[in-house]
Amino acid sequence: MDNIIEDELMSSSVIKNLNALDFDYVPKELLHRGEPLRLLAQMFKPLLSNISQNSVIKGPVGTGKTVITKKFCSSLVNLARKQGKIVEYVHINCRKRSTDAMALLGILNHFDSRFPDRGFSVQEMLEVLRKQLMKRNAQLLVVLDEADALLKKNNSNIVYSLTRFSDESSKEKIPISLILISQKDVLSMLDSSSLSTFKRSNVVSLNKYSHDELFDIVRQRIDLAFHAGTVDEGCVHLIADIASEWGDARFAIELLWKAGITADHQHVQMVIPEHVRTAKAETYSIVTESKLKNLERHQLITLQAIAKRLYRDGTAYVNTGDAEKTYALTCEEYDEKPRTHTMFWNYLKDVESAGFINIKPSGKGQLGTTQFISLPDIPAEVVRSKVDELLR
Ligand SMILES: Nc1ncnc2c1ncn2[C@@H]1O[C@H](COP(=O)(O)OP(=O)(O)OP(=O)(O)O)[C@@H](O)[C@H]1O
Ligand SMILES: [Mg+2]
C-alpha cells in the first residue's frame, strides 16, 4: 500500500513547472496582444499626472482580458513608482464578489487583510478607503473583472460611488481609476450617470485568437511548463486546431495541462496526441458548463428542447418544426411563455453561434424553410441535465 502511494508521489513528471499551467499565472511575455496593451498605455498615461481614467475591456472567453489587464496594471504600478508616484492596484473578481459591499471589502483587504468582513456599511467602507489612500498619498486603480456579475444586480452603485468619490476628493487629489472587464456589453448595464464618466471611446476589444496565435501561445506554455523535448509537436497542432473553434486560450492551456497529467499517470516520458484527445474528452464538460452560463434563459430552453428531442428520438437530427414544438412545451415546464416564431429562430442562431448546435438545410423533398439541427459534440443527456440545473 505505502509503496503504491510513494511510487506515485515520487514518480517523475513531464511537467517541470505546474504553476505555469495555472489559470492565474501571468507569463512574462504576452503573445499577439501588443496592440491592446499599447492602447491601454495610451489611455492610462494621464495616471502618471495624477488624472484618473476609466476603461472597458471586452472580448469572448479566453481571449486574454484578465491576463493582459494584470500585466498592464502591474507594469503601470512599477513605472509610476519609479517616478515617485504610488498607484494602488486592486483586481476584484466580481463573480466571486458579486455585491458592492463584497467588492469594496476586497478593495479594503488590499490595504488591511484583517479588515472586518461585517459591521461596516458601503458608505463607511468608502470613508475608510479614502483615509487609506490619503494616508498613503496614493491613487487607486480598481479592476472589476467579470463586472457583469456585479452590474446586472440593478442596485449596484459601486461604479458611480467610486467615480464620484474621485470627483469629490479632487481637492485632496485622490484619483480613482476603473477598468471594467466583461464578455458582455457592460456599458449597457451602467446607469446614465456612471456611463457619462465612461466615455464610449475607452473600450478595448479583444478578438478570438486565431489558430496560429493559439499555436504560439501553446508553444510558449510548453517551454515554460514542460521539460525540454517531452511534448510531441503534433500535440501543439492538435491543441491549436481544437481550441481555434472558439479562439479560447484558456481551453488550449487546459488541454495542454490535462494532456501532461494524462502522460504522467501513464508513466510515459512523452506527451502525444492521444493524450490530447483524452484531455479533450474530459475537458469538454467543464468548458460546456462555463459556456452555458453565458446563454440567456430562452436560449437555454431552446437548447434544452433540442437535446430532449434528440435524446428521446435517438436520432442524429431534429427538424426545426419539431424543435419549435418541443421548445413551446419546454417553456411551460420552466414557467416561461413561449416567444414568437421569429424569436425562436434568433435563439437557434444564438445557440448555434455559441457552438452548441449545427444547423443545416434539409435535403430535397422537404418543406420550404425546414432545417436540420444536430448536437455534434456533447451527448444530449449531458446537455439536458446541465441545462436543467441552470434553468431551475
Ligand atoms: N496573449 C497571451 N499570451 C500568453 N498567454 C495567454 C495570452 N492570452 C491568454 N493567455 C492565457 O490564456 C488563459 C486565459 O486568459 P484570460 O484568463 O486572460 O482570459 P479571459 O479573456 O479573461 O477569459 P474569461 O472571459 O473567461 O475571463 C490564461 O491562462 C492566460 O494566461
Ligand atoms: Mg477573465
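**Helix packing, domains and a ligand shell**

Visitor: How does H4 pass H5, left-handed or right-handed?
Guide: H4 passes H5 in a left-handed crossing, and please keep in mind as we go that this is a predicted model.

Visitor: And what's the angle there?
Guide: The axes of helix H4, residues 100–111, and H5 cross at roughly 25 degrees, and they come within 10 Å. Angles under 35 degrees count as roughly parallel, and H4 and H5 are therefore described as roughly parallel to each other.

Visitor: What about H9 and H11, at what angle do they pack?
Guide: H9 and H11 pack at an angle of about 40 degrees, and their axes are 10 Å apart. H9 and H11 are therefore oblique to each other, and the crossing of these two helices is right-handed.

Visitor: Why give both an angle and a distance?
Guide: Two packed helices are described by the angle between their axes together with the distance between the axes.

Visitor: OK, switching topic: which domains is the chain divided into?
Guide: The chain is divided into domain 1, covering 34–205, domain 2, covering 211–292, and domain 3, covering 297–391. If you look at the C-alpha centres of domain 1 and domain 3, you will find that they lie 40 Å apart.

Visitor: Where does ligand 1 lie?
Guide: Ligand 1 lies between domain 1 and domain 2, because both of these domains give residues to the shell around the ligand.

Visitor: How many residues surround it, and which are closest?
Guide: Ligand 1 is surrounded by 21 residues, and the closest are Gly 64, Lys 65, Thr 66, Val 67 and Ala 249. By class, the shell around ligand 1 has ten nonpolar, eight polar and three charged residues.

Visitor: Which helices supply that shell?
Guide: Helix H3 (65–82), helix H9 (211–225) and helix H11 (249–265) each supply at least two residues of the shell around ligand 1.

Visitor: One more thing, what's the phi of Asn 137?
Guide: The phi of Asn 137 is near 55 degrees, which is a positive value in a residue other than glycine, whereas most residues other than glycine have a negative phi. Asn 137 sits in the loop between helix H5 (122–136) and strand E3 (138–145).

Visitor: Is Asn 137 buried or exposed?
Guide: Asn 137 counts as exposed, because it has 11 C-beta neighbours inside 10 Å, and the cut-off for exposed is 12 or fewer.

Visitor: And where is His 267 found?
Guide: His 267 is found in the loop between H11 and helix H12 (273–292). His 267 has a positive phi of about 55 degrees, although it is not a glycine, and with 11 C-beta neighbours inside 10 Å it counts as exposed.

Definitions and conventions: Residues are numbered from 1 along each chain as its sequence is written. Chains are lettered from A and ligands numbered from 1 in the order in which they are written. This is a predicted model: local features need pLDDT of at least 70, side-chain atom pairs count only at pLDDT 80 or more; totals for chains, interfaces and linings use all residues. A residue is near a molecule or strand if its C-beta atom, placed from the backbone, lies within 6 Å of it. Helices (H or I, at least four residues) and strands (E, at least two) are DSSP runs, numbered from the N terminus. Ala, Val, Leu, Ile, Met, Phe, Trp, Tyr, Cys and Pro count as nonpolar, Asp, Glu, Lys and Arg as charged, and the others, Gly among them, as polar. Domain bounds come from an automatic or database domain assignment. A residue is buried if 20 or more other C-beta atoms lie within 10 Å of its own, exposed if 12 or fewer, and partly exposed in between; C-beta atoms are placed from the backbone. Axes are lines fitted to C-alpha atoms, for helices over the stretch in contact, and angles run from 0 to 180 degrees between N-to-C directions. Angles under 35 degrees count as roughly parallel, over 145 as roughly antiparallel, 65 to 115 as roughly perpendicular and the rest as oblique. A crossing is left-handed if the near helix is turned anticlockwise from the far one by less than a right angle, and right-handed if clockwise.
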